[in-house]
Amino acid sequence: MDRHTQRARRWFSGIAVGATLTLGDPVSAQEMRPRAAEPIPEPQLSERLAELVPTCLACHGENGVPNYAESPIVDGQHEGYLFIQLRDYKNGARKHEVMNEVVKDLSRQDLRELAAYFAARPWPRVDQPPVADENGVVERLLAEGQCRECHGADFMGDGTMPRLAGQLTAYLVSTMRAFRLKERTNNAAMGSLLDTFSDEEIEAIARYLGAL
Amino acid sequence: MLRRSRTPLTTILLLTVALNAFGEPEAARAQTIKGTHLSADLRFVTQRMLDLAEGDGNNFLHPNHNYKQTRFYPNAQINTSNVRRLRPAWLFQVDVRESLETTPVVVDGVMYVTTAYNHVYALDAATGEQLWHFKHRLSPVTSYCCGPNNRGVAVYEDLVFMGTLDAKLIALDSRTGKLVWETQIADPELGYSETMAPVVVEGKVLIGTSGGEYGIRGFLKAFDAKTGKLLWTFYTTPENSVGVWATKDATGKDLRRDIAKEKETLARIGDPYRWLGGPVWQTPAIDRAGRKIFMVVGNPAPPLDDSQRPGDNLYTNSLVAVDLDTGRYHCHLQYVPHDRWDMDAVSPPVLIEAPDENGQTVPAVLHAGKTGYIYIHRREDCSLIRFSEPIVPQENMWALPTPEGTRMAPGANGGVGWSPVAIHPGLGLVYALAIHQPMTFHLQSTPYPGGKLWLGGAFRVAPADEHWGALVAVDYRTGAIRWEVKTPQPLIGGALATAGGLVFFGEGNGRFNAVDAATGARLWSFQAGAGVNAPPVSYTVDGKQYVAVAAGGSAQLDFKRGNAIIAFTLVE
C-alpha cells in the first residue's frame with residue numbers, strides 16, 4: 001500500500017463500509033499506466049487548496065491516474081462539470097458515501113476552486129486496450145442514443161457535459177450502471193436513456209469510450 | 001469599378017492610429033490592409049436600413065434577411081440560366097471545428113459570422129480576409145442540450161449583438177470587435193442558454209432563451225441596444241397556463257389526454273408555469289406596420305412526461321404575438337396543447353400576404369412545424385387560416401410515450417426543426433427543410449431536478465437507414481405540396497430563395513445545392529467536405545452577387561463537423 005492509498009484509507013476510516021468494495025479494486029499495472037511519468041506542472045495553489053488537494057489526489061491520483069478503478073479521472077475534466085458534480089455530492093443529489101463525506105464541509109467557493117484546479121491539470125493518458133467495433137455495433141448504439149449530440153463528436157464534452165473519451169472503463173461501467181439502477185440520480189435523463197440499453201451494451205459502450 | 005466607400009483615406013489612417021493607441025493590433029492591422037468596404041457611413045446600420053432590408057440587394061442585414069423573415073433575396077444576377085457557373089470565391093476557416101448553425105450577416109461588404117462556443121468574426125465579404133475575431137470567455141457552468149451552437153448576430157448602428165451559451169447578451173463594436181457591454185440574461189445553472197440570433201428594432205435588442213430540456217421558464221426579453229439595460233420581459237408561460245383543456249391539436253388530431261386526471265393533479269400541485277419550459281430559441285418576426293412581434297414558443301418541460309404539468313401548458317408549442325412597444329400579450333395559437341413528444345414550435349415564423357378562406361388577401365403569418373405541417377395564420381388574431389398537407393410521413397401520431405417506448409414519426413427533431421424556411425412571393429411557395437427520423441419515446445417520471453436535464457424519459461432514434469430528408473415546396477395559398485427534392489439524410493440548416501429563381505440549401509453529407517424555385521430541378525451542387533447545416537445567405541459587393549453558407553456539420557444530427565465559411569460567385 002503506497003503513501004496515498006494509506007492516506008485515502010485513513011481519510012475515510014470513519015466510514016464503516018469496506019474501502020475496497022466502495023472504491024473498486026486497486027488498479028492493476030496491466031490495466032492502465034500513465035504513458036509518461038512526467039511530473040505534472042502545478043497550477044498555483046492557494047493556501048486553502050494546498051490543504052484540500054492532497055486528499056483528492058490520494059484517490060484520484062497524484063499524476064491524474066486514479067488509484068482505484070472506480071474513482072474517475074478528474075484531471076483535465078471540464079470545470080463546469082466538476083463543479084456541478086461536487087455541488088451535487090454536497091447537496092445530496094448525487095449519492096456516494098465517500099464523495100458525500102469528502103465535500104460535506106466545503107464551501108461553494110472551495111468547490112469552485114477545486115473544479116478550476118483539477119480542470120487545469122492535463123488529462124492523463126491511460127492505456128486501456130483498444131476496441132474493435134465489429135460491424136459497427138457500438139457506433140449504432142451511440143447513434144440511437146444520440147450520445148454525441150450532448151457529449152460531442154469525439155466524446156470530449158464541454159462545460160457541464162463530461163468528457164467520456166479515455167475515462168476509466170471500470171468507472172464508466174459502474175456509473176452507467178448506477179444511472180440505470182437509479183443509484184446515481186443527479187441526471188435522471190441519463191438514467192432513463194440508459195434504461196433502454198442492456199448490461200452487455202453498456203459494457204461494450206464503456207470499453208469503446210475508455211479506449212478513445 | 002464602382003467604389004462604394006465614402007471614407008477618405010485619412011480617416012482610415014486616423015482610425016488605425018487610434019486603434020493602435022488602444023492596443024488592438026489585430027483590428028488595426030485589419031483596418032490598414034483594406035479600406036475599400038470600411039465606409040464608416042454605410043457600415044452604420046440605421047433603423048431605416050433595417051426596415052428596408054426586404055428590398056436591399058446589397059446587404060443581408062437580418063438573420064432571415066428582413067423583419068418578415070422571408071429569406072427572399074431580391075438580386076437576380078445569379079439565376080437559373082447561369083448558376084452552373086457558380087464557384088467558390090473564397091473559403092474562410094474558423095478556429096472552432098464544431099457544428100456551425102450561423103447565418104452570416106452582411107453589412108456594406110463586411111460579413112459577421114459566429115461559431116460554436118461563441119466566437120465572432122468580421123470578414124471582408126468579397127475576399128474572405130479576417131478583419132477581427134472575438135472570442136467570448138464562457139463561464140464554466142453552461143447548460144445546453146444539443147450542441148454548443150450559435151445561430152448568428154444582429155446588427156444595429158455600430159454594434160454587433162450575440163447571445164451566448166452562458167446566457168449573456170453581448171454587444172461588440174462592429175469596427176473593432178471590442179466588447180462594448182455584456183449583460184446576464186438568466187442563470188445558466190438553472191438551465192438557461194442562448195443559441196438564437198437576436199433581432200434589433202427601434203433600439204431594442206430582442207432575445208428569447210433556450211432550455212426547454214431543463215425546466216426553465218421561457219421568455220422573450222427586450223434590452224436597450226446602447227446600454228444592455230432590460231426594458232421588458234414577456235414570459236411564455238403565464239401564471240395561468242391551464243388554457244381550455246383542448247383535447248385536439250390545431251389540426252384536429254386527438255391528443256389522448258386524460259383530462260380528469262390532469263384536473264386532479266392541478267388541484268393538488270397548482271399551476272406548473274414556473275418550470276414549464278416554453279423556450280423561444282429562434283428569431284421572431286417583426287410586423288412594423290402592425291407593431292407586433294410574432295414568435296414561436298418551444299416545448300413544455302419535461303418534454304415526455306406530463307404527470308407534473310396539468311393543463312394545455314400555455315403558451316408552449318404556440319405562435320404568440322406580443323406588442324412591439326411593451327411586450328404585452330396580443331394573441332396566440334397553440335399547435336400541440338399538452339405535448340408529450342417534444343413538438344416545439346421553432347422554425348422562425350414568416351410574415352406573408354396570403355388569401356384567407358374567402359380568397360381575400362390578408363396579412364398572414366406562416367410557421368413550419370415539427371409536426372410536419374405548415375401553418376398559415378391571420379396576423380390579426382393568430383387564428384389558423386389553413387394548414388398544409390403533411391410534408392413528412394406521420395406515423396402513429398399521437399401515441400403516448402410508455403416506459404417500454406412508443407415509436408412515432410415525426411421524431412423529436414421534426415418534421416421541420418429549427419431550420420428557417422424561405423418564401424418566393426411571386427410563386428406563392430414556401431420552401432421547408434424536412435426530416436424523416438422516427439423515434440421511440442420512453443416515459444419515466446422524475447421530479448424537477450433544479451436546472452439539470454429534465455426529459456421525463458428518453459428519446460431513441462430509429463436506425464440511420466430509416467431516415468431521409470426533403471426540400472419541400474408548398475403553395476401557401478392552398479396548402480398543397482408543389483414539389484419535393486428527396487435527400488438521403490434528414491435536412492437541417494435553412495433555405496434561401498432568390499429573385500434569380502433559385503432555392504439554396506445544404507445537406508449533412510456536405511452537398512450545397514441550388515434548385516429551380518418553380519420546379520425543384522437540381523441545377524447546381526457543390527461538395528463542401530463537411531455538413532452544410534446552416535442557413536445560406538446572399539449579398540452583393542461592388543456589383544457582384546455572392547452566395548455564402550457555413551459548412552460545419554451538426555451536433556444535433558451528428559453530421560460531419562467542419563469549420564468553413566464559403567462564399568460563391570459566378571465565374572466568367
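Author: Two strands pair if DSSP finds at least two bridges between them. Strands are DSSP runs of E with at least two residues, helices are runs of H or I with at least four, and both are numbered from the N terminus.

This is a predicted model, in which local features need pLDDT of at least 70, side-chain atom pairs need 80 or more, and totals for chains, interfaces and linings use all residues. Residues count from 1 along each chain as written, chains are lettered from A and ligands numbered from 1 in written order, and side-chain values use heavy atoms, without hydrogens and water.

Let's begin in chain B, where 4 strands make an open, antiparallel sheet in the order E2-E36-E35-E34. Strand E2 (86–93) and strand E34 (537–541) of chain B each have a single partner strand, so they stand at the edges with one side lacking a neighbour in the sheet.

Strand E35 (residues 544–551) and strand E36 (residues 564–570) of chain B pair in the antiparallel sense over 5 bridges. For Ala550(B), the bridge partner in E36(B) is Ile565(B).

Now for chain A, which has 11 helices and 0 strands. Helix H7 (residues 137–144) and helix H11 (residues 199–210) of chain A have axes that come within 10 Å and cross at roughly 100°. That makes H7(A) roughly perpendicular to H11(A), a label for angles of 65 to 115 degrees. In the contact (heavy atoms within 4.5 Å), H7(A) supplies Val138(A), Glu139(A), Leu141(A) and Leu142(A), and H11(A) supplies Glu201(A), Ala204(A), Ile205(A) and Tyr208(A).

A word on confidence: pLDDT, the predictor's confidence in each residue from 0 to 100, has a mean of 85 in chain A, with 79% of residues at 70 or more. Helix H4 (residues 79–91) of chain A is highest at a mean of 98, while helix H2 (residues 19–23) of chain A is lowest at 40. Over residues 1–24 of chain A the pLDDT is below 50, although this stretch has 39 contacts in the model beyond near neighbours in sequence. Residues 26–37 of chain A also stay under 50. Where pLDDT is low, the predicted coordinates should not be read in detail.

Key:
Axes are lines fitted to C-alpha atoms, for helices over the stretch in contact, and angles run from 0 to 180 degrees between N-to-C directions. Angles under 35 degrees count as roughly parallel, over 145 as roughly antiparallel, 65 to 115 as roughly perpendicular and the rest as oblique.
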